[in-house]
Amino acid sequence: MSRIRIRILIVEDEADIASVLQDYLRHAGYETEHVADGHGALERMLTAPPALTLLDIMLPGLDGLSVLRQARAHTQHPIIMLTARVEEVDRLVGLELGADDYVCKPFSPREVVARVRAVLRRTQAEGAADNEGTAALQLDDAHWRASLNGTPLNLTRREFRLLQVMSRQPGRIFSRARLLELAYDDDADVSERAVDSHIKNLRRKLSSAAPSHDWIRSVYGVGFAFEVPLDQGLLTDP
Ligand code: CA
């Protein structure tokens, strides 16, 4: 019996890292393809998009962040960044350019496989949610009203905007700066601490409507992500 393999593109110029990743991913049941430079990676991502790309940042030719930026203008397939740079700004830049996750080097190949599984599960769940439209969360954009499992959330306009921005991309991590840009576009005078306090109130309201799940995940030093329970779809239009 043959079955369709999920193809993972590995973009990595260090041959031994690439080969270890290939071994582990194949062992986990994935098909793999390896490219060692940025231009080649971009070409493959655009002409034959894989199910997921593991993208190293330091690459010959075109660096990983440029590949990510250019790829994102054309393809939405999940991308996990591999980085040896520990500076937080690189992580943020990576996520804000539309990466789905990142792994810091040195990493254990097992961890990479676990991240690949998690990101695929999450992005497939998002696709399923689009199709099924299970109404866990309802946002009424015209009236700034939201309800969760049928319970009105009584959000302030600010909390509504934060929820709206984050719930559109479940699982994606938003930095405070990014939230200021997206959810506070009408007010330049807000501090990052104010974002924390609005998130705290929003989280409290979500929990009181549906206590069994932690809806907003704090990612230490990075920001926040809206998390949908695995068994639930999401609908963001009334
Ligand atoms: Ca490299």
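Student: Which residue in strand 2 is the bridge partner of Leu9?

Tutor: The bridge partner of Leu9 in strand 2 is Glu33. Before going further, please note that this is a predicted model, in which local features need pLDDT of at least 70 and side-chain atom pairs count only at pLDDT 80 or more, while totals for chains, interfaces and linings use all residues. Residues are numbered from 1 along each chain as its sequence is written, and side-chain values use heavy atoms, with hydrogens and water left out.

Student: How many helices and strands does the protein chain have?

Tutor: The protein chain has eight helices and 11 strands. Helices (H or I, at least four residues) and strands (E, at least two) are DSSP runs, numbered from the N terminus.

Student: In which sense do strand 1 and strand 2 pair?

Tutor: Strands of a sheet pair through backbone hydrogen bonds, either parallel or antiparallel. Two strands count as paired if DSSP finds at least two bridges between them. Here strand 1 and strand 2 pair in the parallel sense, over five bridges.

Student: Which way do the residues of strand 1 point?

Tutor: Arg7, Leu9 and Val11 point one way, and Ile8 and Ile10 point the other way. Five of the five residues of strand 1 are buried, so the strand is largely enclosed by the rest of the structure. Buried means under 20% relative accessible area, exposed means over 50%, and partly exposed lies in between (1.4 Å probe, protein chains only). Of the 238 residues of the protein chain, 49% count as buried.

Student: What links the side chains of Glu33 and Arg7?

Tutor: A salt bridge is a side-chain nitrogen of Lys or Arg within 4 Å of a carboxyl oxygen of Asp or Glu. The side chains of Glu33 and Arg7 meet in one, at 2.8 Å from N to O. This pair links distant parts of the chain, with Glu33 in strand 2 (residues 31-35) and Arg7 in strand 1 (residues 7-11), 26 residues apart. Both Glu33 and Arg7 are buried.

Student: How many salt bridges does the structure hold?

Tutor: The structure holds 16 salt bridges. One of them joins the side chains of Lys205 and Glu159, at 2.7 Å from N to O. Lys205 lies in helix 8 (residues 192-209) and Glu159 in helix 6, so this pair ties together parts that are 46 residues apart in sequence. Lys205 counts as buried because its relative accessibility is 17%, and Glu159 does so at 3%.

Student: Where do Asp214 and Arg203 lie?

Tutor: The side chains of Asp214 and Arg203 also meet in a salt bridge, at 3.9 Å from N to O. Asp214 lies in the loop between helix 8 and strand 10 (216-219), and Arg203 lies in helix 8, so the pair ties together parts that are 11 residues apart in sequence. Asp214 counts as partly exposed at 47% relative accessibility, and Arg203 counts as partly exposed at 23%. Elsewhere, Glu12, Glu14, Asp56 and Lys105 are linked in a network of salt bridges.

Student: At what angle do the axes of helix 6 and helix 7 cross?

Tutor: Two packed helices are described by the angle between their axes and the distance between the axes. Axes are lines fitted to C-alpha atoms, for helices over the stretch in contact, and angles run from 0 to 180 degrees between N-to-C directions. The axes of helix 6 and helix 7 (residues 176-183) come within 10 Å and cross at roughly 110 degrees. That makes helix 6 roughly perpendicular to helix 7; angles under 35 degrees count as roughly parallel, over 145 as roughly antiparallel, 65 to 115 as roughly perpendicular and the rest as oblique.
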